[in-house]
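Work through the exercises below with the sequence and the coordinates open. Try each task before you read its solution.

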Amino acid sequence: MKKPLPLSNPRTLAAFLHDVLAVALAWMLAFWLRFNFDAPAEFELAARSTLIWLLPLYVCLFHLFGLYRGLWRFASISDLHHLVAAIGVGTLMTTAIILLFTLPNIPRSVLVLHPVLLAVIMGGSRFAYRSWKEHRLYGPTQLRGQPVLVIGSGEAADTLLREIRRSGVWYAVAVIEDNPLRSGRQLQGLPVISPIEQIGVVAGRLGAQHAIIAMPGARSSERRRVAELAIAAGLTVMTVPSYDDLLSGRLAVSNIRKVELEDLLGRETVNLDDEGLFGLLRGRVVLVSGAGGSIGSELCRQIARFEPARLVLLDSSEFALYTIDEELRGKSPGLACQCWAADVRDGKRVAEILASEQPAVVFHAAAYKHVPLMEDINAWQAVRTNALGTLTMAQAAQKAGVEKFVLISTDKAVNPTNVMGATKRLAERLCRAVQADGGTKFVTVRFGNVLDSNGSVIPKFREQIASGGPVTVTHPEITRYFMTIPEAAQLVLQAGYMGRGGEIFVLDMGEPVKIIDLARDMIRLSGFSDEEIHIEFTGLRPGEKLYEELLADDEATLPTPHPKLRIARLSDMLATEEYAELLAWLSAGVRPGEEVRQGLRRFVPEYISRPTG
């Protein structure tokens, strides 16, 4: 049932009166045109008398077709469709009434002219008003903002241009597109220019200092290429929200953000087996050690959406534990959380926690990860936390009947040249050593650096840039693999689900990135040039490699059903005697750095305690 016209609204009343007058004017004008503005008296009388029933008829039709639910300021093609439909039905009903009652002195040509004239008057008025309103609010007489280039010419670009026109923040001056077939054409009155390599020339000619990438459906590698071209041209580069946001209608100027480092890495979206992960986690108790760290906290966020019965947070840092607990309570109010302050090296405390909570799945992310800090005076602490801590958690998990135990490892465990990498490799061997048929399934996931993790190079570069530089890089050739924290956590979950016990999963880290290129990208994204903020080389640090290894080739790994996960081929099972010797070594008192390295060389044969490269 249609609501009555809200004529108390002055704008609706004005639109209503306009349309009533338009019907009358179009009707009389049709008669005048028919007789060249010299209609006989009897036809003039017929025209006026017909308005007695014609006006109420059209008023009812306009209301039924919803002509007063929209705003003229935002008149669109959809509104035009409603208007034409209402006029079309009105024409048919008018013709039927005239024929049925054989009303005299109404020429047939009037029945053709009237709907055409009415559509022109009503439609033209609406779009003229919209054009005037937008010109008055966003036109050259008002603050237009800064000139901007839009990269891309698809639906996202079309929507973006409409939003820009209303924003007052920017005004678009051109559209840049790679497709040569669209070059020379126009999008909303703006020239489409191809290829994108011309962006610097176009920006200089049109005075643009900003560019917005409107290519949400493009591959990450293509978006990276476009962003790098725009950055190299000296532009401030922004991007529209994700494709999912666009589908949800959430594209607005306020949602446009600056291009971040993650956008330049070219990482593709991770496809998760949601059904399998719900089967693993939903309604079950899940424990995350190191829950306050970069990976641990992101694991907690990801796990929360799979509706566990309870999420158990374990960390030795009180503040980190408090922070992630508060975040989860705010973002997932229905999630049951339990916080335990504990050191994973404390066997009694760990056993108490697992016996009390009875988790079905454990994600073990607690570790010391900073390479130089763990290399000498802290070497034994790295062994105690990374190796003994893992063993302590693993044994407690077995006793508590944990179904699956997932160890977070690192690419630095491959042919390690530092204590941290060697201790993580030792942790991997220990998990495989305690694997038993029918018991807890131990799964290891190994990956490289994650952006913005605690102690990573990204926050350091950001601070150095903020302070005016210089940005310090250890070596011009140093190369690392990077992925985003959410991507790493998602693949850890996927590997945890797929693991059947004893595997070491290797994540697809994509292409390695030179740290110097990373530094330059961050400098340019921050709005500076290489001349304004210099890069200095400081030399490799103790235990640091030039290149990290992942064992990701076909010879060293086996494929899995997931394209971003492979299984390492390793024959590294600890013999019974070696395992007993390792336990005795781990149980000993504090050892100096060189003794630690000697022990690691004994139990991790591939460990070379010197920088390589």
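**Exercise 1: a ring pair across strands**

Both Phe405 and Phe442 are buried. The model is predicted.

Task. Classify the ring pair of Phe405 and Phe442, and place each ring in its strand.

Solution. 
- Step 1. Two quantities are needed: a pair of aromatic rings is described by the distance of the centres and the angle of the planes.
- Step 2. For Phe405 and Phe442 these are 5.2 Å centre to centre and 50° between the planes.
- Step 3. Centres within 6.5 Å make a pair, planes under 30 degrees apart count as stacked, and planes over 60 count as edge-to-face. The pair of Phe405 and Phe442 is tilted.
- Step 4. Phe405 lies in strand 12 and Phe442 in strand 13 (residues 441-447), so the pair ties together parts that are 37 residues apart in sequence.
- Step 5. Now list the surroundings. Beyond its neighbours within four places in sequence, Phe405 is in contact with residues including Val362, His364, Met393, Ala397, Cys431 and Phe442.

**Exercise 2: the largest core**

Task. Which residues of the largest nonpolar core touch the most other members, and which element gives the most to this core?

Solution. 
- Step 1. The largest nonpolar core has 48 residues. Leu354, Phe405, Trp585, Leu586 and Leu600 touch the most other members.
- Step 2. Elements that give two or more residues to this core include strand 8 (285-289), helix 13 (347-357), strand 12 (404-410), helix 19 (576-586) and helix 20 (593-603).
- Step 3. Helix 14 gives the most, with 11 residues.

**Exercise 3: helix 1 against helix 2**

Task. Describe how helix 1 and helix 2 pack: what is the angle, and how far apart are the axes?

Solution. 
- Step 1. Helix 1 covers residues 10-34 and helix 2 covers residues 41-64. They pack at an angle of about 145°, with their axes 9 Å apart.
- Step 2. The crossing of helix 1 past helix 2 is right-handed.
- Step 3. On the helix 1 side the contact includes Phe16, Val20, Trp27 and Phe31. Helix 2 brings residues including Phe43, Leu51, Tyr58 and Phe62.
- Step 4. Sort the contact residues by class: 16 are nonpolar, 1 is polar and 3 are charged.

**Exercise 4: a loop glycine**

Task. Where does Gly589 lie, and how far is Gly589 from Trp380?

Solution. 
- Step 1. Gly589 sits in the loop between helix 19 and helix 20.
- Step 2. Its relative accessible area is 48%, so Gly589 is partly exposed.
- Step 3. Gly589 and Trp380 are 209 residues apart in sequence but 9.2 Å apart in space, C-alpha to C-alpha.
- Step 4. Trp380 also belongs to a cluster: ring pairs link Trp380, Trp585 and Phe603.

Methods:
Residues are numbered from 1 along each chain as its sequence is written. This is a predicted model: local features need pLDDT of at least 70, side-chain atom pairs count only at pLDDT 80 or more; totals for chains, interfaces and linings use all residues. Side-chain values use heavy atoms; hydrogens and water are left out. Axes are lines fitted to C-alpha atoms, for helices over the stretch in contact, and angles run from 0 to 180 degrees between N-to-C directions. Helices (H or I, at least four residues) and strands (E, at least two) are DSSP runs, numbered from the N terminus. A crossing is left-handed if the near helix is turned anticlockwise from the far one by less than a right angle, and right-handed if clockwise. Contact means heavy atoms within 4.5 Å. Ala, Val, Leu, Ile, Met, Phe, Trp, Tyr, Cys and Pro count as nonpolar, Asp, Glu, Lys and Arg as charged, and the others, Gly among them, as polar. A nonpolar core is a set of buried Ala, Val, Leu, Ile, Met, Phe, Trp, Tyr and Cys residues joined through side-chain atoms within 4.5 Å. Buried means under 20% relative accessible area, exposed over 50%, partly exposed in between (1.4 Å probe, protein chains only). Rings of Phe, Tyr and Trp (its six-membered ring) pair if their centres lie within 6.5 Å; planes under 30 degrees apart count as stacked, over 60 as edge-to-face and the rest as tilted.
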